[in-house]
Amino acid sequence: MAKIGFIGVGNMGGPMALNLLKAGHNVKVFDLSEAAVKICVDAGGEAAKSASDAAKGVNIVVSMLPKGDHVRGVYLGDEGAIAAADEGTLFIDCSTIDVDTAREVAAAAASKGMMMVDAPVSGGVGGAAAGTLTFMVGGPAGAFEAAKPILEVMGQNIVHTGGSGNGQAAKICNNMILGISMIAVSEAFVLGEKLGLDHQTLFDIASTASGQCWSLTTYCPVPGPVPTSPANNDYKPGFTGQNMLKDLNLAQEAANSINADTALGKAAKELYEKYASGDGAQMDFSGIINMIRNS
C-alpha cells in the first residue's frame, strides 16, 4: 500500500481520496476547507497542515486544484510540494489547467529527478464517487506506468496521451466537443418544440440516426428520454456551466497560442459566457437549453 499525499479534496478530489482510502492506501490530505478534510479524516485519512506538508514523507502526491495558478502555487518555489517531497516521489496532477502550466511544473519536477504526470479527468462528481473516471495522462512512459495502479483505483479508463501536457490537451479538446455538441442538441430540441415535435420522438429518431452523440444519449438536456440526466433533477449539476466555460476558455487560449481556427469552439465559449453570467454558473451545463429556449 502506498503513502499518498492528496492536495485538494473538494467535490472531485474528496471522493477520489476516499476511494484510495477504501483501497487500503495511507492518505494524508490537505484542503483549505476544514469540512472537506474532516470527511477524509473520518474515513481513515490523516490531516496535513499545509500543501507542502502533504507532500512530505509520502511516495505519491495527487492534486486536484481549480486553476493553473493554484497548481503553480502548490508545486513550485522553495515552499512548494516539489521542494518538500522526498527523492523519488511521483506527482499526479488531476487538475484541468492550461497546457503551458502543466509542462512548466512537470519540467520543474524532472529537474529534481522526480516523475510527474498531468492526469485530468472526465466523468464528473458521480464518476469520482463511483471510481469510474476516465484519466487522460500526459508524461513520460515510465511515469505513466508508475501512476497507473493509483489511477486505476479512482477510474476505469486510463489513457496515455503522450508527453507532458498532452493530458490537458486531450481534456480541453474533448470538452470543446462536449460544449459544442450540447449546444447543438439543445438547439435541435428547441427547434423541434417550436415545430410541434415531441421530445421522445426526436430522441428516438436522433439517438439511432446520424445525430447520435453523448450529449443526446447519455446527457439529454430535456426531461424524460434519459432518466439519469440532470434535466430530470432541475439541472442540479454534475458539471456546472461555470466549469464548462472554464474548459472552453482553456481551449480558446490554446487555440489562439498556436493560431488554430476553432470557430465553433469560440461560439460555444461565448454562449456559455452568457449562460454562466446568470444562474447557469452553478447549474448543470446542459441547462443551457433553457437559455436557448428563452432567447
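Student: Does Arg 293 count as buried, partly exposed or exposed, and what is the relative accessibility behind that label?

Tutor: Let's start with the idea: buried means under 20% relative accessible area, exposed means over 50%, and partly exposed is in between, using a 1.4 Å probe and protein chains only. Arg 293 has 27% relative accessibility, so this residue counts as partly exposed.

Student: Before we go on, what kind of model am I looking at?

Tutor: This is a predicted model, in which local features need pLDDT of at least 70 and side-chain atom pairs count only at pLDDT 80 or more, while totals for chains, interfaces and linings use all residues. Residues are numbered from 1 along each chain as its sequence is written, and side-chain values use heavy atoms, with hydrogens and water left out.

Student: With which residue does Arg 293 form a salt bridge?

Tutor: A salt bridge here is a side-chain nitrogen of Lys or Arg within 4 Å of a carboxyl oxygen of Asp or Glu. Arg 293 pairs with Glu 193, and their closest N and O atoms are 2.8 Å apart. Glu 193 sits in helix α9 (residues 166-194) and Arg 293 in helix α14 (residues 288-294), so the bridge ties together parts that are 100 residues apart in sequence. Glu 193 is partly exposed, with a relative accessible area of 25%.

Student: How are helices and strands picked out and numbered?

Tutor: They are DSSP runs, numbered from the N terminus: helices are H or I with at least four residues, and strands are E with at least two.

Student: How many salt bridges are found in the whole structure?

Tutor: The search finds 5. One of them joins the side chains of Arg 72 and Glu 104, at 2.9 Å from N to O. This pair links distant parts of the chain, with Arg 72 in helix α4 (residues 68-75) and Glu 104 in helix α6 (residues 99-111), 32 residues apart. Arg 72 is partly exposed at 27% relative accessible area, and Glu 104 is partly exposed at 36%.

Student: Where do Lys 38 and Asp 42 lie?

Tutor: Both are in helix α2, 4 residues apart, about one turn of the helix. Lys 38 and Asp 42 are both exposed.

Student: Why can helix α1 be called largely enclosed?

Tutor: We can count its buried residues. In α1 (residues 13-22), 8 of the 10 residues are buried, so the helix is largely enclosed by the rest of the structure. Among the buried ones are Gly 13, Pro 15, Met 16 and Leu 20. To see what covers them, we look for contacts, meaning heavy atoms within 4.5 Å. The cover includes β1 (3-7), β2 (26-30), α2 (34-42) and α8 (141-154). After α1 comes Gly 24, whose phi is positive, near 100°.

Student: Is Thr 240 buried or exposed?

Tutor: Thr 240 is buried, with a relative accessible area of 11%. Its place is in the loop between α11 (214-217) and α12 (241-257). Leaving aside residues up to four places away in sequence, Thr 240 touches Ala 281, Gln 282, Met 283, Asp 284 and Phe 285.

Student: How is empty space found?

Tutor: Rolling a probe the size of a water molecule over the atoms shows where empty space is left. On a 1 Å grid over the protein atoms alone, a cavity is a set of points where a 1.4 Å probe fits but cannot get out; a pocket is an open set with protein on both sides within 12 Å along at least five of seven lines; lining residues have an atom within 4 Å of a point. Grid points are joined across faces, edges and corners, and a volume is the space filled by probe spheres set on the points.

Student: What is the volume of the largest pocket?

Tutor: Its volume is about 1500 Å³. Of the 50 residues lining this largest pocket, the closest to its centre are Asn 11, Met 12, Met 64, Phe 239 and Asn 243. Helix α9 gives the most to that lining, with 6 residues.

Student: And how many cavities of 30 Å³ or more are found?

Tutor: The search finds 1, and the largest cavity has a volume of about 40 Å³. Its lining is made of Asp 93, Ala 102, Val 105, Ala 106, Met 116, Val 117 and Asp 118.
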